[in-house]
Amino acid sequence: MKMRYSEKERNTKETKIKLSLELDRTGSGGLTGTSGIGFFDHMLNSFAVHGGFAVALEMTGDLNVDGHHTVEDVGIVLGSLFAEILGSRSGIARFAHEYVPMDEALAFAAVDVSGRPFLHFDSSACPSIAEGQLIGEYDASLTVEFFRALAFNAGFTLHMKLEYGSNTHHAVEALFKAAGRAISAAARETGGGVLSAKGVLG
């Protein structure tokens, strides 16, 4: 199995990011480095550990303003790395879905590594997410911004739903874990060609 790895730098007036991504690290995945937002780091680490991804992050962001640019821009760069690594999408499972429970919360994620970006995100079962409850210094409403940036830059069709859950921390974490597991399963190498009736994706 060949190493599936890429790295990228992105510098704007709002954030400076150096990020690397390696797939297929089940059992040894996780995040090294920091975004500057503790709970977001915890979510990135959960996403990586449960997806079997090794993610290394060096960044500075305009956290004196708020966390929006930091969270969204990490999603942009991470999504672009998935797009680079998966390339033509040939020889992968393409579709996957996962349910992940965390205590009282249950999250669902389904992904099509299609080259056609789309996000459906429903966290209405826990209104405090959309309302922007703070978890440490993390604004919970930025969760959808992260996944939108990830999906649109990776070329994923991504559907996510919080089935139920009352604790905002648990609900957000279940969503990150479900997405990591679903994306990992969809990116799994199968050795075949492009899984499409028309022979191409996009």
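Guide: The chain has 4 helices and 10 strands. Both kinds of element are DSSP runs, numbered from the N terminus: helices are H or I with at least four residues, strands are E with at least two. From the N terminus on, the order reads β-β-β-α-β-α-β-β-β-β-β-α-β-α. The radius of gyration is 16 Å, close to the 17 Å of the globule rule for 202 residues, so the chain is as compact as a globular protein of that length. That radius is taken over C-alpha atoms, and the rule is 2.2 Å times the number of residues to the power 0.38.

A word on the source. This is a predicted model, where local features need pLDDT of at least 70, side-chain atom pairs count only at pLDDT 80 or more, and totals for chains, interfaces and linings use all residues. Residues are numbered from 1 along each chain as its sequence is written, and side-chain values use heavy atoms, leaving out hydrogens and water.

Now the part to study: an open sheet. Its 4 strands stand in the order β5-β6-β10-β7, and their pairing is mixed. β5 (95-102) and β7 (118-122) are the edges; each has a single partner strand, so one side of each lacks a neighbour in the sheet. On average, neighbouring strands here are turned by 10° against each other, direction ignored. Axes are lines fitted to C-alpha atoms, for helices over the stretch in contact; angles run from 0 to 180 degrees between N-to-C directions.

β5 pairs with β6 (residues 105-112) in the antiparallel sense, over 8 bridges. Two strands count as paired if DSSP finds at least two bridges between them. Which residue in β6 is the bridge partner of His-97? Ala-110 is.

Next come the helices. Helix α3 (residues 142-154) packs on the sheet and touches β7 and β10 (157-164). Contact here means heavy atoms within 4.5 Å. The direction of α3 makes about 160° with that of β7. Helix α4 (residues 168-186) lies across β5, β6, β7 and β10. α4 runs at about 155° to β5.

Now look at other strands of the chain. β2 (residues 15-22) and β4 (residues 54-61) run antiparallel, joined by 8 bridges. Glu-22 stands opposite Ala-54 in β4. β3 (residues 30-34) also pairs with β4, in the parallel sense, over 5 bridges. There, Thr-32 stands opposite Ala-56 in β4.
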